[in-house]
Amino acid sequence: MIQGFVAELSAKALGYTLEAIVRFKPFPGKVHLLSEMIVMTDRIVQCDKVTGEDAFVARILLKDISELDEVLEAFSAHASTQTSVVKSSPVRMRSPPPA
């Protein structure tokens with residue numbers, strides 16, 4: 001079943017040369033505030049709420065590595081973070097296989 005059509009913008013064409021994956025571990029009582037901040041942060045282009053110690057795993061777009069600290073600093077009162085810089089993406093989000 002087709003659910004819709006989307007225009008996919010090129011992050012590189014818009015000046016975003018790096019992508020990072022950030023795991024957010026909220027401080028006690030901060031998960032709701034953290035969730036709201038994640039939704040409101042335009043550099044976060046994808047986020048999943050997950051099980052385990054980390055409540056959220058997000059993808060962040062950056063124009064260069066110097067922006068990473070600035071983006072993450074906003075979350076420092078609500079969560080600890082672990083960050084990995086994406087080197088390549090052999091499999092991007094794709095459609096599920098036919099049943």
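In this predicted model, Phe56 in β3 is the bridge partner of Lys49, and that contact belongs to a set of five bridges joining β2 to β3, two strands that run antiparallel. The protein has two helices and four strands, and from the N terminus on these elements follow the order β-α-β-β-α-β.

**Overall layout**

- The C-alpha trace of the protein spans about 40 × 35 × 20 Å along its principal axes, and of its 99 residues 24% count as buried.
- Helix α1 covers residues 31–40 and contains Leu33, a residue that counts as partly exposed at 37% relative accessibility.
- Although Leu33 and Ala79 are 46 residues apart along the chain, their C-alpha atoms are separated by 9.8 Å.

**The sheet**

- The four strands form an open sheet in the order β2-β3-β1-β4, and the pairing is antiparallel.
- At the edges of this sheet lie β2 and β4 (79–85), each of which pairs on one side only.
- Neighbouring strands of the sheet are turned against each other by 20° on average, with direction ignored.
- In general terms, strands of a sheet pair through backbone hydrogen bonds, in either a parallel or an antiparallel manner.
- The strands β2 and β3 form a hairpin with six residues between them, and in the turn Gly52 has a positive phi of about 100°.

**Salt bridges**

- Side chains of opposite charge can pair when their charged atoms come close.
- The count for this model comes to five salt bridges, among them the pairs Arg59 with Glu19, Asp54 with Arg23 and Lys25 with Glu53.
- Between Arg59 and Glu19, the closest N and O atoms are 2.8 Å apart; this pair links distant parts of the chain, with Arg59 in strand β3 and Glu19 in strand β1, 40 residues apart.
- Within that pair, Glu19 is buried because its relative accessible area of 13% falls under the 20% cut-off, whereas Arg59, at 22% relative accessibility, counts as partly exposed.
- Glu19 and Arg59 are also members, together with Arg92, of a network linked by salt bridges.
- The side chains of Asp54 and Arg23 meet in a salt bridge with an N to O distance of 2.6 Å; Asp54 lies in the loop between β2 and β3 and Arg23 in strand β1, so this pair ties together parts that are 31 residues apart in sequence.
- Of these two partners, Asp54 counts as buried at 15% relative accessibility, while Arg23 is partly exposed, with a relative accessible area of 36%.
- Lys25 forms a salt bridge with Glu53, the closest N and O atoms being 3.0 Å apart, and this pair, too, links distant parts of the chain, given that Lys25 is in strand β1 and Glu53 is in the loop between β2 and β3, 28 residues apart.
- Here Lys25 counts as partly exposed at 35% relative accessibility, and Glu53 counts as exposed because its relative accessibility of 62% is over the 50% cut-off.

**The largest pocket**

- Rolling a probe the size of a water molecule over the atoms shows where empty space is left.
- The largest pocket holds about 1100 Å³ of space, and it is lined by 30 residues, of which Glu8, Leu9, Val45, Gln46 and Arg92 lie nearest its centre.
- Sorted by class, the lining consists of 15 nonpolar, seven polar and eight charged residues.

Notes. Residues are numbered from 1 along each chain as its sequence is written. This is a predicted model: local features need pLDDT of at least 70, side-chain atom pairs count only at pLDDT 80 or more; totals for chains, interfaces and linings use all residues. Side-chain values use heavy atoms; hydrogens and water are left out. On a 1 Å grid over the protein atoms alone, a cavity is a set of points where a 1.4 Å probe fits but cannot get out, and a pocket is an open set with protein on both sides within 12 Å along at least five of seven lines; lining residues have an atom within 4 Å of a point. Grid points are joined across faces, edges and corners, and a volume is the space filled by probe spheres set on the points. Ala, Val, Leu, Ile, Met, Phe, Trp, Tyr, Cys and Pro count as nonpolar, Asp, Glu, Lys and Arg as charged, and the others, Gly among them, as polar. A salt bridge is a side-chain nitrogen of Lys or Arg within 4 Å of a carboxyl oxygen of Asp or Glu. Buried means under 20% relative accessible area, exposed over 50%, partly exposed in between (1.4 Å probe, protein chains only). Two strands pair if DSSP finds at least two bridges between them. Axes are lines fitted to C-alpha atoms, for helices over the stretch in contact, and angles run from 0 to 180 degrees between N-to-C directions.
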